[in-house]
Amino acid sequence: MRLRCVAVALCLVANVMAGKYSREMNEAKADGGDGPTAEFRIAKLNQVWEKAKRMELSPVRQAELHSDLKIQEKDELQWKKMKVEGLDENGEKEAQLRRNFNVILAKYGMDGKRDTRTLENNSLKDHDIKEGDIFDDPRLDKLWNKAKSSGKFSSEELLSLKREFQHHKDKIHEYNILMDTVSRTEEIHKNVISPLEGEAKEHVLHQKHTDLKQKMRDLNQGFDRLRKLSHEGFTEDSEFREPRVIELWEAAKRANLSTDELDSLKEELHHFETKVEKHSHYQEQLELSHQKLQHVEALGDKEHIKRNQEKYNTLAEKTREMGYKMKKHLQDLSNKISRQGLEHNEL
């Protein structure tokens, strides 16, 4: 009889935990407002997505946001499983997820602050900004203008170089967002309830500052590479063309990996670069499709509008899907390089 009671009690506990977990997983249906057709499985991500659709984001930027939210969804669902299994006791992963979510909000101008990048790209810039200052950073603009007028680069090489400069500008913007997010988190964490909680928060804050320092090192190394590239030009034996891939390769070479590991990683990076280039192509096609749709809508032919809208929707869905796969692959590669580098340093 006692064994039967224990078994019943265990079943009840299991059902409660399973119910709690499935309730969390299905929050989107209850709170997202879209019922079974919700875009994401987490309510707050659906709320962000619905808000984004009401904003005047470009099609490419909206697709980028969707990919970022899918990555956030994947990471949060993985964390929920960790939590059920009793992992992440110090809350480090939870804090990182919260920080990543805040970075997404800031990146797309949804954190209640004015998006400085949108303002900077406005054609009504201050009159004292020189023609040719396109990266909103004095060092980058000076380096770019010098490289552009040097005569060392072909038209195709200048396009590649411009992508590298734009990538570095985006990295600066992301760093500033992260720094602002950490500063605001520090203000919240000043309200410590207990010494034990204080120790946990101190650990999380230390990790955040470590991340910031690493990102600053990456920025400095990236600028040094841009400066060298601007002065010396592209070499014939350049391994990669895409800035994100080049950044990964440079990190791998600094990670003290073996020759075999580097060769294996190089092959994987070539596959990843193909994926990045294909995604960029789809982004260009999505922008063109949107322009064509706007033109057709202005003409007012309903049948023509319907056909172009269907094409645009299909292309937008494909671009989002490819963006998610590309960003997930980037995340996996970054983690792999960091993990392998750490293992070698510990040996």
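1. Confidence. The mean pLDDT of this predicted model is 79, and 74% of the residues reach 70 or more; pLDDT is the predictor's confidence in each residue, from 0 to 100. A contact means heavy atoms within 4.5 Å. Where pLDDT is low, the predicted coordinates should not be read in detail.

2. Ground rules. Residues are numbered from 1 along each chain as its sequence is written. In this predicted model, local features need pLDDT of at least 70, side-chain atom pairs count only at pLDDT 80 or more, and totals for chains, interfaces and linings use all residues, while side-chain values use heavy atoms, with hydrogens and water left out.

3. Overall make-up. The protein has 12 helices and 0 strands. Helices (H or I, at least four residues) and strands (E, at least two) are DSSP runs, numbered from the N terminus. Of the 347 residues, 35% count as buried; buried means under 20% relative accessible area, exposed over 50%, and partly exposed in between, with a 1.4 Å probe and protein chains only. Among contacts with a separation of 6 or more, 71% join residues 24 or more positions apart. The accessible surface is about 21800 Å², and carbon and sulfur atoms hold 52% of that area; the areas come from the Shrake-Rupley method with a 1.4 Å probe, and for residues only the protein chains shown count as cover.

4. Helices α3 and α4. How do helix α3 (residues 43-54) and helix α4 (residues 59-84) pack? Their angle is about 175° and their axes are 10 Å apart. Axes are lines fitted to C-alpha atoms, for helices over the stretch in contact, and angles run from 0 to 180 degrees between N-to-C directions. On the α3 side the meeting residues include Leu45, Val48 and Trp49, and on the α4 side they include Leu65, Leu69 and Gln72.

5. Two buried residues. Ser67 lies in helix α4 and counts as buried, at 0% relative accessibility. Beyond four places in sequence, Ser67 touches Arg320, Gly323, Tyr324 and Lys327. The C-alpha atoms of Ser67 and Thr319 are 9.0 Å apart, although 252 residues separate them along the chain. Leu105, in helix α5 (residues 92-107), is buried with a relative accessible area of 14%. Among the residues that Leu105 touches is Val48, and the C-alpha atoms of this pair, 57 residues apart along the chain, are separated by 8.1 Å.

6. Helix α11. Does its span agree or disagree with its 41 residues? At 1.5 Å a residue, helix α11 (residues 259-299) should span 60 Å, and its end C-alpha atoms are 60 Å apart, which agrees. The expected span is 1.5 Å times one less than the number of residues. Just after α11, Gly300 takes a positive phi of about 85°.

7. Most residues other than glycine have a negative phi. Asp136, which is not a glycine, has a positive phi of about 55°; it lies in the loop between α6 (116-121) and α7 (138-148) and is partly exposed at 27% relative accessibility. Asn256, also not a glycine, has a positive phi of about 60°. Asn256 is in the loop between α10 (243-254) and α11, and is partly exposed with a relative accessible area of 48%.
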